[in-house]
Amino acid sequence: MKKSILFAALFVMVAAASAQTFSAVAVDKKDSRMQWWREARFGMFIHWGIYAVPAQGEWYMANANVPREKYAQYAKEFDPTEFNADEWVRIAHDAGMKYLVITSKHHDGFCIFNTKATTYNAVQATPWHKDPLQALSAACRKYGVRFAVYYSIMDWHSPDQGANKPDSVAPVYNPTHFEPGKKQAYIAYMKTQLKELVTQYHPAILWFDGGWMNGWTSEDGKAIYEYSRKLDPKLVINDRAMGAGDYGTPEQQIPANGLPGQDWETCMTINNNWGFNLTDISFKSVADLLHNLIDIASKGGNYLLNVGPTAKGVIPHPEVDRLEAMGRWLKLNGESVYGTTASPFTVQLPWGRCTQKSENLYLQVFDWPKDNKLVVHGIYDKPSLVYLLADKNRAELQFEKEGDSLVINVSSKATDSICSVITLEFKGRPVVYNPPSIVYSLPVFIDTLGVNFETPTKDVEVRYTLDGTRPTMQSPVATREIALTHTTTVFAACFLQGEAVSEPAQVTLVKVSPQPAVEVQNGVRYRYYEGKWDSLPNFGALTPIRQGTLESFVLPPQKALVDYGVVYTGFLSVPQDAVYRFYTASDDGSKLYIGDSLVVNNDYQHGAVEKEGLIALAKGFHPIRVEFFQAAGYDSLSVSYGSSTIKQHFISSKELSFEK
Ligand code: GLC
C-alpha cells in the first residue's frame with residue numbers, strides 16, 4: 001500500500017515537472033485574478049425576480065407546475081417601488097460583505113436586466129420599467145463592493161427548452177431539455193446575454209447554475225467558460241457551467257475538511273429559501289451565521305450568504321438585523337477573517353477555530369474556557385504578543401509553554417458572547433506540529449493488525465505507547481510497522497529535540513472473535529403434534545409432542561395411526577434460476593410453502609390426492625415448509641418437484657438441509 005502511494009507521488013511530481021512551463025503561466029494568471037476573491041471571504045447572494053410576487057421561493061413556477069403564459073403574468077405585478085440599490089449595497093457593505101452576486105436570470109427565465117435578446121425582462125415586461133442591475137452595479141462601485149451576476153443555464157421559459165413532462169395545465173419543468181435542433185439557438189441566446197451582462201455591468205464573477213438540464217454537456221460548459229473568459233479575462237467563474245470553473249460551490253453545507261487543493265465557496269440561505277417566501281420565518285441565528293462564516297474561513301473557503309428581497313424591493317428586516325449584527329462583529333474581528341488562510345491545525349479545536357495570516361494566528365473562541373486557561377496544542381514557537389483582537393488597548397495576555405501546549409491565561413471575560421478572537425503574533429511564520437497519523441486497515445481485527453505512523457513533517461520523530469498512556473521520551477520510536485495481537489489503545493505523538501511537540505493521536509483497535517458460521521446438515525426438521533382436525537390447524541399455536549430430524553419428507557417414527565399432524569422445515573437447494581412445479585400427494589391434507597409463498601394447497605380430509613403449484617426461484621437455498629395432518633383411515637405423504645428441464649422426482653435428502 002505504501003509503495004503505491006510512493007509511486008503515485010512520484011508520478012505526480014514527474015507529471016508536474018513536464019507540465020510546468022504551461023501550467024505555471026495558467027496558475028499565475030489564476031492566482032492573480034482570484035486574489036481579491038480569496039481575500040474577500042464573505043459575499044451577499046441575492047435571489048430576486050418575479051417569483052417574489054407569489055412569494056413562495058424561486059422554484060415556485062416548477063413546484064406549483066404553473067404553465068409558462070400564466071407564470072409570465074407575474075411580470076405585470078412586479079413593481080418594486082421601494083427598491084433602493086444604494087440601500088441594498090449599504091446593507092451588504094455594513095455586514096462586511098465584500099461582493100454581491102445577484103440572479104440576473106433564474107431558472108424561470110425572467111431577466112431582471114436590460115437585454116435585447118428577449119422582451120421577458122424587467123425594463124420591458126414590468127410596470128416598473130427599470131434595470132436594477134444598472135443601479136446595483138453603480139452602487140457597488142460607490143461602496144467598494146464587487147458586483148457579480150448569477151445566470152441559470154436551465155430556462156423554463158425559453159422556447160428552445162422543453163419541460164421534462166409537457167402539459168398545458170400542469171407541466172413538470174425540471175430538468176428541461178433542448179427542443180430538437182434548438183440547442184445552438186439557445187447557446188447563441190446565452191452568449192448574447194452573457195456579453196450584455198459583462199459589457200453593461202462589468203461583473204467580477206459569473207455564477208452559473210442549472211447546468212444539470214438534459215443535453216447540456218461538460219464540453220458545452222468548457223466552451224461557455226472559454227467564451228466568458230474572453231469577454232473579460234479577469235472574470236472569476238464558478239464551477240456550475242460544468243466541465244470548467246475557478247471554484248467549487250458546495251450548497252447549504254460546509255465540507256468537513258474544506259475542499260483541499262481547490263478554491264471553494266459555500267452558498268447558503270439565511271432561512272430555508274433563496275427567493276422570498278412569505279411563510280418562511282426560520283431565520284438562522286446570528287451565532288450560527290457567524291460560526292458558519294468563521295468555520296468556513298478556518299477551512300479556507302468563502303461564505304456566500306443569501307437574502308431574498310420582496311416584490312416591493314425590500315430586504316426583509318429579520319435578514320437585515322442579522323447582517324447588521326455580523327457586520328458589528330466583523331468590524332472588530334474582521335482581521336481574523338479577511339485575507340486569511342485555512343487553519344494550520346488538522347484536528348478540530350475543541351473550543352473553536354483558527355485562521356492564519358502571515359505571522360499571525362487568530363484563535364476564534366466559541367466556548368470560552370471556564371478555568372480561564374485556553375490550551376492550544378502543537379504551537380512550537382513562543383508568540384511575541386498575545387491579545388484580544390477586539391481590545392483597543394491590546395492588553396497583553398499571559399501565556400506559558402507546557403509540553404506541547406501553549407496555555408493562555410484569559411482571566412479577562414470573553415469580549416463577545418458568540419466568538420472572541422485572540423491574536424497570536426509571532427516573529428516569522430509560526431510553526432505548528434499536528435499529531436501524527438496512525439495508519440491501519442480497519443479498527444477491528446481478528447488475528448493481528450499492522451499499524452504504521454506517518455509524521456506531518458520530516459523533522460520530527462514519532463514515539464508511541466500501547467498501554468493507554470501518553471508517550472514520553474522513554475516511549476519507543478516508531479521506525480517500522482508494529483503488529484497488534486490484542487485489543488490496544490495506541491497513542492502517538494511527535495517529538496523534536498527531546499520534547500513532545502504535538503498533541504498525541506489516539507485510537508483503540510479492537511480484537512474480536514469472528515461470529516461462528518451456520519453449520520448445516522442434510523435433511524429436514526420436523527415437529528409432531530396430536531389432535532383431532534378436519535383441516536390443517538394453526539400449528540404455531542400448538543405445542544408439539546415430539547420433534548427431531550428426518551432424511552426427507554417421510555412420516556415420522558412412533559406416530560399414531562390417526563389424529564396427528566407434522567410440520568417439516570428446512571432449506572431446499574435448487575440448481576438454477578427456473579420456474580419449478582411442486583407437488584404434494586397426501587392422505588389427508590397438506591400444504592407446501594417456499595419462504596412465505598403458499599405453493600401447493602392440498603388441505604382438508606381426503607384420500608391420497610396429488611396437488612401442484614408453480615413458483616419461480618433463483619438458484620440457491622430457499623426455506624421450505626410442509627404441513628401435513630392425518631384424521632382417520634390410511635395415512636401417506638410424498639413431496640416432489642421438477643421443472644421444464646428437471647424431471648419430477650421426490651425431494652431427496654441431498655437437496656434438503658437444516659441448521660444444526
Ligand atoms: C440550486 C437551486 C437554485 C439556487 C441555487 C443556489 O441550484 O436550484 O434555486 O439558486 O441552488 O445555489
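Q: What is the volume of the second largest pocket?
A: In this predicted model, the second largest pocket has a volume of about 340 Å³.

Q: What makes a residue part of the lining of the second largest pocket, and which residues lie nearest its centre?
A: A lining residue has an atom within 4 Å of a pocket point. The lining has 18 residues, and Arg146, His202, Pro203, Ala204 and Lys234 lie nearest the centre. Two or more lining residues come from each of α1 (2–40), α6 (132–143), β3 (146–152) and α7 (183–201). By class, 9 are nonpolar, 4 polar and 5 charged.

Q: How do you know that the lining of the largest pocket draws on domain 1 and domain 2?
A: At least three lining residues come from each of domain 1 (26–313) and domain 2 (352–425). The lining has 23 residues in total, and strand β10 (residues 352–357) gives the largest share, 3 residues. The space in this pocket is about 440 Å³.

Q: Why is strand β15 called mostly covered?
A: Buried means under 20% relative accessible area, and 4 of the 5 residues of β15 (residues 405–409) are buried, so the strand counts as mostly covered.

Q: What makes β12 and β14 pairing partners of β15?
A: Pairing needs at least two bridges. Strand β12 (residues 373–377) has 5 bridges to β15, in the antiparallel sense, with Val376 opposite Leu406. Strand β14 (residues 399–402) has 4 bridges to β15, also antiparallel, with Phe399 opposite Ile408. Both counts meet the cut-off, so both strands pair with β15.

How values were computed: Residues are numbered from 1 along each chain as its sequence is written. This is a predicted model: local features need pLDDT of at least 70, side-chain atom pairs count only at pLDDT 80 or more; totals for chains, interfaces and linings use all residues. Side-chain values use heavy atoms; hydrogens and water are left out. On a 1 Å grid over the protein atoms alone, a cavity is a set of points where a 1.4 Å probe fits but cannot get out, and a pocket is an open set with protein on both sides within 12 Å along at least five of seven lines; lining residues have an atom within 4 Å of a point. Grid points are joined across faces, edges and corners, and a volume is the space filled by probe spheres set on the points. Domain bounds come from an automatic or database domain assignment. Ala, Val, Leu, Ile, Met, Phe, Trp, Tyr, Cys and Pro count as nonpolar, Asp, Glu, Lys and Arg as charged, and the others, Gly among them, as polar. Buried means under 20% relative accessible area, exposed over 50%, partly exposed in between (1.4 Å probe, protein chains only).
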